[in-house]
Amino acid sequence: MPRQLTLGRRPFLITAGASALALSLAPRTRAAAPYRIGALNPVTGAGSPYGSGMQTAILLAADEVNQAGGAAGRTLEVIAEDTQTSPESAVLAAKKLIEVNRVDAILGTWSSGVSLAVMPLTDAADVILMNTSGAPSISTEDQRDLVWRFQATNDRFGAAFAEIAKREGVERPATMAFNNASGRGNADGFKKAWEAMGNEVVAAVVYEPDQPSYRSEVQQILAADPDLIVMGSYLPDTTIILREWYQMGGTNGWIIPGWAANPQLVENVGAELLDGVFSVDMVPNIEGEAFARLNESYQAKAGQPAGDNVYATMAYDMVISLALAIQHAGTDAGNLEIVQSIRPVANPEGTAVTGFAEGKKLLEQGEEINYEGASSRLDFDEYGDVTPDFGVSTLEDGKWVRQFVVEI
Amino acid sequence: MTLVYYVNLAMNGLLQGLVIALVALAINLVFAVGRFPNAATGDYITVGGYAGIGLQALGVGSPVLQGLGAMLASMAVAIAGYLLVFRRLFGRSMVAALIASIGIAFFVRSVLSFFVGHDPYVFKIPITRAIVVGGVRLIPTDLWLGAAALVCLSIALALLFFTPLGRQMRAVADNPELARASGIRARRVMLTLWVLVGAVCGVAGIVLGIRTVVAPEMGWDVLLPGFAAAILGGVGSPAGAVLAGVVLGIAQEISTPFVGFTYKIALSFVVLMVVLVVRPQGLFGTLERVR
Amino acid sequence: MDAYLVAVGIILGIYMLMTLGLNLHFGFTGMINFGQVGFFAIGAYTSALLALAGAPMAVAFAGAVLAAALAALPLGLMALRLRIEYLAIATLGFSEIVRVVIVSEEWLTKGVQGLGGIPRLFASLGVGGNAELAYLGLIALANLAAVLIIRRIVASPFGRLIQAVRDDEEALRALGKDPAGYKVRVFMLGAAFAGLAGAFYAHYLTYITPEQFVPLVTFYVWMAMIMGGAGRIPGAVAGTLILVLFLEGSRFLRDFVPGVSEVEMASLRLAAVGLALILFTLYRPQGLFGGYSK
């Protein structure tokens, strides 16, 4: 569905012109420099189900911040680009954003390949990079704390899966992974954690993208007679695989990441198939206030609930937490100081807040805050990675309902 | 790995192979009569799939009607391609038509995704458990889809071999000058060709769409195996293409315990290249000089 | 702005090497190679792996060129016996086999996780700025060298034979010349250019994944060649320029046409590629510079 992205060079020129006029008429006070955000997202390519939603969310968040008077008086401007989920295209887009548009931060790179290729560029330019990628090397390559990851690493997801399996008394788990870094990461993360508990995985199947059928893959995994299958997958292939599995007579349970086991999946395969499926995502997500507020405006703009696109909720949180950090660090702070403020505003210690205006007010009063986001509670470890708890949901009356929370 | 396991794999492969056979037939027909490889075949299939989804969205629930809609849509695109592009390339080399067909493929796909986006769509077919007979899994939907594909293939081949129009098409395929000299009207033959190609692609689109999901790349993803099968079967032989498609489908699935799920997709190419080294005209094709 | 333009220039240089190679295949000998990205991938991974194993850059690049040329040998031999449309599919199959091997042999290529930390050239010059300019300079030199090599080949007796092969093989055989050896050598040379392009690519991005080496890249290069004019060197250069301007230019178009979302822009881009192929084939098959057309 075509979407209007209304922020770009022309409206910027208009607002710049208007502000210049206003400034020339106003008494001599120096206006705070705007903070430019490059929204670099996978609008096309493998990440395309999520990319445009991410851009919409970033724009909504920037609006929210600007409505509340900006971050430390600085207006947020957003310039949007498409990575095409390709490192080569992303590098060129990043260069344009950094060199031509002079952005201060790049938000929302999705695939690990893209984030890893863009990191050297943002690092050299002192630009903040916030991503939703899974690769471990993103944590370790980041030397100056400029890179922040809003998605739990694959290892963390895997560990959560293992906890769930243990809790459910699973004895014969198998893994099924989409053959890319993320899918494999989830399955391998589970295997690592599960074997560390002294257990065994009975089968591990890796399937290729874009195949007309996954019948044989399902057949192989069922032949090992598992009682649970852990998936590292996306919505289209999960749809196909679950249907094949059901038709082939499978009866085992499933653990599926929340970005694949979402309301759309229910529509695609029907509630009956999903009996015994655990959907796992970061908390607080659906129950939080930040999510509820985002969902309202997101649904209006994007035509689908925010719950269908967890990456969009992460993108929203990127803007809000960055804005709160700018607010905390002050108008004249540069990026290296702003990143020092991210943990203070997002990590525990401080009054819990769920929105920018709320947080800004408390910060102006000199209080400590703890921003609880729409995608997770946003507590960052020493690498700048989120350390969320995981919510586990099952289907009740055709809707995903949280049953319990797993802490790792 | 018991025998039953392999039989099940073969059954998977059979339905797969029937779809590949449809694609291979569509490619083979254009190869033989139109004298060029048509890279847009995949996107005719995609159009068919989306047409079916469109009908479903309008409230048409019957797969048969959706399939008919798919066939009509694919036919329309195929005929348009002929009238607007391929007809004007008559007399030019095969390469020109091939390049143009790639252009049509990209164009059709991008127009589709412009309007309907990149997210996949699902046919709302009731999902039922398989019937197990002696360990062999028979899935009802599969049986229907396989039957549909088989019927379509049979009708297409029957048309080619037993009707006057089909004979004319084969005459043009074998020897265009002689065909023209004996009074066969080119225009009518070409239109028949594209109608047939469209129909076959439409069926492939609906079968694929029901079996998996409808997405902008769905046809392009089966194009390569289809080409491999068409060449394996040999240009002069539509029945050969169909047979090769089925064989490739089954071979791919049966090979998975040996080569794994990643290499299996390369299998059709490896087979193709081996056959071409040993027998450059394909299994059933006629020997022609290089170029 | 400068750094961005330098980056675009580097990508341009990389694509141009591939187009020049393809030009040798199709423009001069009339061989349809739909697998150019396969040689690109072989070059990229070979150079990356050698460099990661500690080899000096010159060795890594040389390895890339050699590996691509060697991989082209069996295909070149096949090209002798196959109808050109079969060759087209066989080469396409080849590039897909290459990709699948890269995905599967994780012990070597890290598979879908991607190969990262590839050493950069001119690392002593730091990141960005001078290092990039030096890289651009090197790529420009490589392209210049490629053009010179091709021109010498075209003007030589060998080259005249090549074009004869393209136009009429029967006549050639009647003259007692056997085109086989020539065809194979040209195939290998064109592949070597693509392999070199791959090496430049890998050391520029420092991180490569199999997902980047898909048939679409081959078709972009084909488009560049057709638009510029197959068989003409200025055609290959101009065509690549158009291609890259088009791919990158559409980014800026968005800034001036705020109504078009990125999703639509991507569809429009692909539609434009398709339309360009159709229209050029119909109305200007010799491309802008009047190259080889049938």
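Predicted model: local features only at pLDDT ≥ 70, side-chain atom pairs only at ≥ 80, totals over all residues.

Biologist: What share of the residues in chain C is buried?

Modeller: Buried residues make up 63% of the 294 residues in chain C.

Biologist: And how many helices and strands in chain C?

Modeller: Chain C has twelve helices and two strands. Along the sequence the order is α-α-α-α-α-β-α-α-α-α-β-α-α-α.

Biologist: What about contacts in chain C, what share comes from residues 24 or more positions apart?

Modeller: Counting contacts with a separation of 6 or more, 77% are between residues 24 or more positions apart.

Biologist: Switching to the interface of chain B and chain C. How many residues does each put into the contact?

Modeller: Chain B gives 47 residues and chain C gives 51 residues. The area buried between the two chains is about 4400 Å², with 75% of it from carbon and sulfur atoms.

Biologist: How many salt bridges across it?

Modeller: Zero salt bridges by the rule used, between chain B and chain C. There are four residue pairs in polar contact between these chains, both residues at pLDDT 80 or more.

Biologist: Which elements of chain B give two or more residues to the side that touches chain C?

Modeller: Those are α4 (94-116), α9 (218-233) and α11 (256-278) of chain B. The largest share is from α4(B), with 15 residues.

Biologist: And how do the residues on that side of chain B divide into nonpolar, polar and charged?

Modeller: The side of chain B that touches chain C has 33 nonpolar, eight polar and six charged residues.

Biologist: Where is C:Thr206, and is it buried or exposed?

Modeller: C:Thr206 is in the loop between α9 (180-205) and β2 (207-208) of chain C. C:Thr206 counts as buried because its relative accessibility is 11%, under the 20% cut-off.

Biologist: What about A:Asp210, what is its phi?

Modeller: A:Asp210 is not a glycine and has a positive phi of about 60°. A:Asp210 sits in the loop between β7 (203-207) and α8 (215-223) of chain A.

Biologist: Buried or exposed, for A:Asp210?

Modeller: A:Asp210 is exposed, with a relative accessible area of 52%.

Conventions. Residues numbered from 1 in each chain as written. Chains lettered and ligands numbered in written order. Heavy atoms only, no water. Contact = heavy atoms within 4.5 Å. Buried area = accessible area lost by both parts, 1.4 Å probe. Salt bridge = Lys/Arg side-chain N within 4 Å of Asp/Glu carboxyl O. Polar contact = N/O pair within 3.5 Å; in protein donor to acceptor, adjacent residues only side chain to side chain. Helix = DSSP H or I, 4+ residues; strand = E, 2+ residues; numbered from the N terminus. Nonpolar A, V, L, I, M, F, W, Y, C, P; charged D, E, K, R; others polar. Buried < 20%, exposed > 50% of the residue type's maximum accessible area, 1.4 Å probe, protein only.
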